[in-house]
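Let's take a friendly walk through this protein model. Have a look at the sequence and the structure first, and then read on.

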Amino acid sequence: MSDIGKPMIQFVDESQSNEPSSRGSLTGLITNITDACKEIAGLIECGGTNDLNGVAGSENIQGEVQKKLDIITNDVMVRHLSSTGHLAAMLSEEVEGIIRTPSGMPKGDYLVAFDPLDGSSNIDVNISVGTIFSVLRCPAGITEPTAEDFLQRGTEQVCAGFCVYGPVTMMVVTTGNGVNGFTLDRDLDEFILTHPKMTIPEETAEFAINMSNQRFWEPPVQRYIDECLLGVDGAREKDFNMRWVASMVAEVYRVLTRGGIFMYPLDTKLKTEGGKLRLMYEASPMSFIIEQAGGVSSTGRMRIMAIQPEGLHQRVPVILGSKKEVERLVLYHQERY
Ligand code: AHG
Ligand code: MN
Ligand code: MN
C-alpha cells in the first residue's frame, strides 16, 4: 500500500526500524524541527507586513550581514529544540560557539547543526529560502558536549533534512534509508508525504553555478562549464540549460526532482576560506540527502561525507547532483591535480 498522504511524523516513526532504542527520541526531535519550520514558514509569509524583512544591523561570526529574519529564525529553532530532552547541544550558522541545552533540563542523545535561514539574501526579493539541519549522535557518556563533539564526519549523521519555503513549503528528510519529501498542508497543519523515495536522474543537461565568479574558477570547473556552454557544438554534443537561485535549498530541491549539477566550487577568491558553503550545516546534510537519492557529492577532490571537520563553521567547495555529471567533473579534477 502506498504511503503517500501519511503525516510525516507517523511515516518517520514507522520507518525507524534500524534503531529501536532511540527511535522515539529521534522522532521526537524531528517533530520539534518540523514545528520550528512551520513557525518559520508563517513568519516568512508575513515578513513584509510585520516589518520582519531587511537587515538587522549586525554581522554574524562569519562577517556576513545578518538579516532580521536570520536572527528571528535562529531564535525559533533554539526555542523549539532547547528543552525537549532529545538534544544535548546545538550548532547554528548564526552563533559562534555551540548552544548547550539549559542546565537542569534533561539531556538527549543527539546533537543538531542547522542553518536557520538559507538563502537569506533572497528574502527581500521574495525568492525561495529554507532551513537545513544535520543530526549527529552525542558521543556516549558525554552530558556536557564541547565543540569537539560536533566535529564528526558526514558519514556519522543519523538524519539530515531541509525545508524549503517556496510556492509550497516542503520538507525533505533522510534517516539513511532513502529520501522522502513532504508538503505542508495548511488545513491539517501537518507535513504530508507527497514525494516518496526521491531519486536523482543519473544523466541530465542542467547546471547551476554563480557565473559571475567565472574568472576565479579553477581549470577543471572552467573546462566543465565551457563544454556545457558549447552545447551541441562541443565535446558534450548536447545543449545545456542553466539556473542559479542563490538559495542552496531551492537548488538541491530542483536537483532532487529533475536532476542536474549544482556547485559552489573552490576559486581563487575563496582560497583562504576554503570555499563558500559551510560543512556542518550546509554541505554535509545536503550531501547525505544527495547520496541517499542516488547522486554524488564531492569537493572535486574528495567525497564531502568523508571530510573530517576541523572547525564548527568550516567552509568547503561543493559539487553535487546527478551521478554521471559530478563524476565527470571529479575526473577533470583528477586529470589536473
Ligand atoms: P546563507 O543565506 O545561509 O548565508 O547561504 C547562502 C548560500 C547558499 O544558499 C547559496 O547557494 C549561496 O550562498 C549563494 O551565494 P552567492 O550570493 O555568491 O550566489
Ligand atoms: Mn545557507
Ligand atoms: Mn543562513
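## Two domains

The chain is divided into domain 1 (8-195) and domain 2 (206-336), with bounds that come from an automatic or database domain assignment. The C-alpha centres of the two domains lie 24 Å apart.

This is a predicted model, in which local features need pLDDT of at least 70 and side-chain atom pairs count only at pLDDT 80 or more, while totals for chains, interfaces and linings use all residues. Residues are numbered from 1 along each chain as its sequence is written, chains are lettered from A and ligands numbered from 1 in the order in which they are written, and side-chain values use heavy atoms, leaving out hydrogens and water.

## Where the domains meet

How many residues of domain 1 are in contact with domain 2? There are 49 of them, and they meet 31 residues of domain 2; contact means heavy atoms within 4.5 Å.

The size of an interface is often given as the accessible area lost when the parts come together. Here the area buried between domain 1 and domain 2 is about 3,000 Å², and carbon and sulfur atoms give 64% of it. Buried area is the accessible area (1.4 Å probe) that two parts lose on being put together, summed over both. In domain 1, Leu-151, Arg-153 and Phe-162 lose the most area to domain 2, together 20% of what that side buries.

## Links across the interface

Between domain 1 and domain 2 the count is 3 salt bridges, each a side-chain nitrogen of Lys or Arg within 4 Å of a carboxyl oxygen of Asp or Glu.

Is Thr-143 buried or exposed? Thr-143 counts as exposed because its relative accessibility is 52%; the cut-offs are under 20% relative accessible area for buried and over 50% for exposed, with partly exposed in between (1.4 Å probe, protein chains only). Its place is in the loop between strand 6 and helix 4. Helices (H or I, at least four residues) and strands (E, at least two) are DSSP runs, numbered from the N terminus.

Thr-169 has its place in strand 8. Thr-169 is buried, because its relative accessible area is 8%. Leaving aside residues up to four places away in sequence, Thr-169 touches Ala-41, Cys-163, Val-164, Phe-182, Thr-183, Leu-184 and Phe-191.
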